[in-house]
Amino acid sequence: MGRRLTARGSGRRRTGRVGGGLAALLVGLLVAGCAAFDTDDDLRRARELADELYPGELDVVAARTLFPETTGSEVTLSVADDPDAAVRFRVDAAADRCDGGPDCAAALREAVDRARREAGHLRAMRTAFDGCGHPVLATDEKLTTPWIEARVTDGTLDEVLTRVGACAQRWVTARAQRDGQEVPGWVTVDFAAPGTAEGLPAPKSGLPTVLRLTHGPRLAALAGEAYYVAAYPVGDDAGRTVDAASARLRIVSPFEERQAFSRRIDASVLPALRETYPDAVTAGGAGTGVWRLEQGTLRRVRGYVLFCERPPAGGKQCLGDLAALVTSDPRGRDAEVVRVLTDIRDERGVLRLPPR
């Protein structure tokens, strides 16, 4: 039967529609056949394809089932002559299909080509940032946002943004020159505090570099603390110039901190709003929006607070038909209302807010 899905510990019995539905699904899958959670046949098919099309060049390094699908696996292979590349494609040996189609040979060739392109893009990123003193700690799976270490203070802010902007320019130039890769209008860089790298989860050293730098636990650890994100505008001129002087910086905080920020910003801004709108109520959730740091400082942030002039009738929730452009400290205190916007939704009720 191959490997079976197992469960750890009995724990407390969980009841409810969701838990019962999941249990029923799992039981149904197990009744249908143990192959539902087995990668063996898919791995065997992947190795056959690799040996046939790329003899001696590819080696399986990982496989995972495609739950909640009942058959098929995602198989990952390394490339002998490119330690950065990770070939990922879906194999369903039972249906003789790969990446959703019947031509498995074509699917593997496309996956190998894609892996080599991604490895090249990653090398361009690492060369640009490693070469200017900011080694890449990690990157998102799309290889569009590198994580680096940088000490950001009011005293170093402009210098850091300028220096990292020069790294971004090297990266943008390399992207534009490589295979005609399209360069977006903005590039973003995530800043971790100095010394962060030492405590990050370390994936297996033998894995391709793409897998090690997009390692889920590594990214989760980086995002587990508040961090800065710098966004640099890229010109549409021939040199695709990165405008470091116009960089936008924002803070990204864990969910609990964003919730606390929302509560504080509401409490801080309501007294000012009620000077003009005595019955004003806020929509709540301001912390889930984008709050950017004021230019040149880390001490003030700027964003929008949605509110209603008075509580909606019938006890309905205020969704916000007015918006206050607000500045506050990064913890949501000492709020100041810059201006109030009244025409913020289109005819369908979709929110339309101008840049801050």
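User: Which residue in β2 is the bridge partner of Val-60?

Analyst: In this predicted model, Val-60 has Leu-77 of β2 as its bridge partner.

User: How do you know that β1 and β2 count as paired strands?

Analyst: Pairing asks for at least two bridges between two strands. β1 and β2 (residues 73-79) are joined by 7 bridges, so they meet that cut-off. The two strands run antiparallel.

User: What makes β1 and β4 the edges of the sheet?

Analyst: The order of the 4 strands is β1-β2-β3-β4, in an open sheet with antiparallel pairing. β1 (58-65) and β4 (97-98) each have a single partner strand, so one side of each has no neighbour in the sheet.

User: Which strands does helix α2 lie across?

Analyst: Helix α2 (residues 40-53) lies across β1, β2, β3 (82-92) and β4, at about 125 degrees to β3. Helix α3 (residues 104-130) also packs on the sheet, and its direction makes about 145 degrees with that of β3. Helix α3 touches β1, β2, β3 and β4.

User: Why should some parts be read with care?

Analyst: Where pLDDT is low, predicted coordinates should not be read in detail. Over residues 1-19, pLDDT stays under 50, and it also stays under 50 over residues 22-36. For the protein chain, the average pLDDT is 88, and 88% of the residues score at least 70.

Conventions:
Residues are numbered from 1 along each chain as its sequence is written. This is a predicted model: local features need pLDDT of at least 70, side-chain atom pairs count only at pLDDT 80 or more; totals for chains, interfaces and linings use all residues. Side-chain values use heavy atoms; hydrogens and water are left out. Contact means heavy atoms within 4.5 Å. Axes are lines fitted to C-alpha atoms, for helices over the stretch in contact, and angles run from 0 to 180 degrees between N-to-C directions. pLDDT is the predictor's confidence in each residue, from 0 to 100.
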